[in-house]
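Welcome! Here are some exercises to work through with the model open beside you. Try each task before you read its solution.

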Amino acid sequence: MTNFVWHNPVKLVFGKGTIAELPNLIPAGTKIMLAYGGGSIKANGVYDQARAALAAYDITEFGGIEPNPRYETCMKAAAIVKQNGIGFLLAVGGGSVLDATKFIAVAALYDAGDPWDIMEGRKPVERALPLATVLTLPATGSETNTFAVISRDATGEKLAFGSPHVYPQFAILDPETTRSLPLRQVENGIIDTWAHVMEQYMCATDHSALTLRQSEAVLKTLIELAPKVKADPADYTTRAELMWCATVGLNGSLGLGAAAQDWATHMIGHELTALYGIDHGRTLAVIMPAVHRFQITRKQPRLAQCAARVWHITQGDDATRAAQAIEREQAFFQSVGVPTTLSAYNIDAADAARQVAARLAARNAKLGEYGDLGEDEVRAIIALAQ
């Protein structure tokens with residue numbers, strides 16, 4: 001178990017009717033930008049609840065944020081923030097809306113050139129406007145972390161950045177807002193949460209025994225909840241548990257004590273989304289089993305542990321159980337309703353391998369907890385996902 005420092009300042013307000021708490025969380029007289037996506041919050045009543053709660057505030061709305069938020073859209077919002085002297089950003093929607101809002105909060109105060117320099121790692125984040133969220137789609141965990149992912153049309157890139165400056169001040173999590181989600185988004189959210197946990201858990205490096213068991217608890221809960229939410233989408237308890245799983249999955253706690261983490265699945269998945277437009281969660285279902293198969297030898301102890309503790313596979317040696325854990329993971333993704341091969345999307349694996357590996361190599365990206373998965377390894381991983 002390695003040394004760590006963990007500080008998470010996000011105030012969580014969880015449960016039914018909590019959108020009404022907004023006036024108690026944002027100082028009176030604050031000029032607010034209310035950011036949202038394609039308009040689903042107007043159909044499901046969340047917009048009306050937020051506007052009613054904020055009736056006494058000066059509100060500027062910015063809608064139309066995409067599922068994979070675009071740099072170009074964010075920059076339009078940042079310009080409006082500057083023009084109107086807005087002092088607080090409220091993201092109402094899913095993780096994409098919140099990711100965009102984090103970037104807008106930085107871009108609106110950035111005066112050192114093109115804010116895309118931050119996405120490319122050439123400039124640090126030095127300040128950001130205060131922000132918060134009313135979350136309606138449990139998946140990304142963005143409500144309690146410092147990360148955001150933004151796409152740029154001009155370059156065809158999908159990149160991530162992180163900074164303590166973009167921690168939300170608070171996150172309102174009302175599970176009732178998730179009842180109207182399309183099934184596809186629910187499926188994607190389950191896979192995304194699973195991947196977040198596994199990328200912190202499935203490492204060959206030192207870890208904390210307690211943290212590992214906390215990760216296993218989230219994984220087992222997802223396995224239990226997935227069929228329940230499909231059988232009864234209106235059940236509040238199931239929705240609430242899924243929302244809490246997604247938040248815990250990437251609030252920073254499940255990586256504590258680990259020497260390193262393996263985010264190769266996400267890195268490759270982002271490239272597949274950028275190239276082919278596949279939903280983020282669905283790219284993870286395709287790539288994660290392949291990442292584990294490619295690294296099965298050095299991940300064998302943790303895979304075998306996962307087999308025993310999560311899948312209750314206790315027979316056979318470590319090698320046998322490790323292989324079975326990967327098979328069960330892939331079968332779980334399929335049971336959720338998400339394909340696990342590139343061929344399911346009519347994508348040629350050889351072409352994907354060539355393009356993704358080249359794009360990552362151009363950024364000198366080294367994946368995996370050891371940082372040793374380069375261009376050749378990425379090609380091999382994608383070949384396993386055909």
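**Exercise 1.** Which residue forms a salt bridge with Lys 299?

*Solution.* Begin with the ground rules: this is a predicted model, where local features need pLDDT of at least 70, side-chain atom pairs count only at pLDDT 80 or more, and totals for chains, interfaces and linings use all residues. Residues are numbered from 1 along each chain as its sequence is written, and side-chain values use heavy atoms, with hydrogens and water left out.

Step 1: apply the rule for a salt bridge, a side-chain nitrogen of Lys or Arg within 4 Å of a carboxyl oxygen of Asp or Glu. The partner is Asp 262, and the closest N and O atoms are 3.0 Å apart.

Step 2: Helices are DSSP runs of H or I with at least four residues, strands are runs of E with at least two, and both are numbered from the N terminus. Lys 299 is in the loop between α10 (280-294) and α11 (300-309), while Asp 262 is in the loop between α8 (236-249) and α9 (264-276); the pair links distant parts of the chain, 37 residues apart.

Step 3: check the cover. Buried means under 20% relative accessible area, exposed over 50%, and partly exposed in between, with a 1.4 Å probe and protein chains only. Lys 299 and Asp 262 are both buried.

**Exercise 2.** Find the salt bridge of Asp 351 and describe its setting.

*Solution.* Step 1: the partner is Arg 354, with 2.6 Å between the closest N and O atoms.

Step 1: both residues belong to helix α13 (residues 349-362), where they are three residues apart, about one turn of the helix.

Step 2: Asp 351 is partly exposed at 25% relative accessible area, and Arg 354 is also partly exposed, at 43%.

Step 3: elsewhere, salt bridges with shared partners join Glu 66, Arg 70, Glu 72 and Asp 153 into one network. In total, the count comes to 22 salt bridges.

**Exercise 3.** How is the aromatic pair of Phe 88 and Phe 170 arranged?

*Solution.* Step 1: rings of Phe, Tyr and Trp (its six-membered ring) pair if their centres lie within 6.5 Å; planes under 30 degrees apart count as stacked, over 60 as edge-to-face and the rest as tilted. The structure holds eleven aromatic pairs.

Step 1: Phe 88 and Phe 170 are stacked, at 6.2 Å centre to centre with 20° between the planes.

Step 2: Phe 88 is in strand β4 (residues 88-93) and Phe 170 in strand β8 (residues 170-173), so their pair ties together parts 82 residues apart in sequence. Phe 88 is buried at 2% relative accessibility, and Phe 170 is buried at 2% too.

Step 3: compare Trp 194 and Phe 333, an edge-to-face pair at 6.2 Å with 85° between the planes. Trp 194 lies in helix α6 (residues 183-201) and Phe 333 in helix α12 (residues 318-336), 139 residues apart.

**Exercise 4.** Is β4 enclosed or open, and which strands pair with it?

*Solution.* Step 1: six of the six residues of β4 are buried, so this strand is largely enclosed by the rest of the structure.

Step 1: look at its faces. Phe 88, Leu 90 and Val 92 are buried on one side, and Leu 89, Ala 91 and Gly 93 on the other.

Step 2: two strands pair if DSSP finds at least two bridges between them. Strand β2 (residues 31-35) pairs with β4 in the parallel sense over four bridges, and Leu 34 has Leu 90 as its bridge partner.

Step 3: strand β5 (residues 131-135) also runs parallel to β4, joined by five bridges. Here Val 92 stands opposite Val 134.
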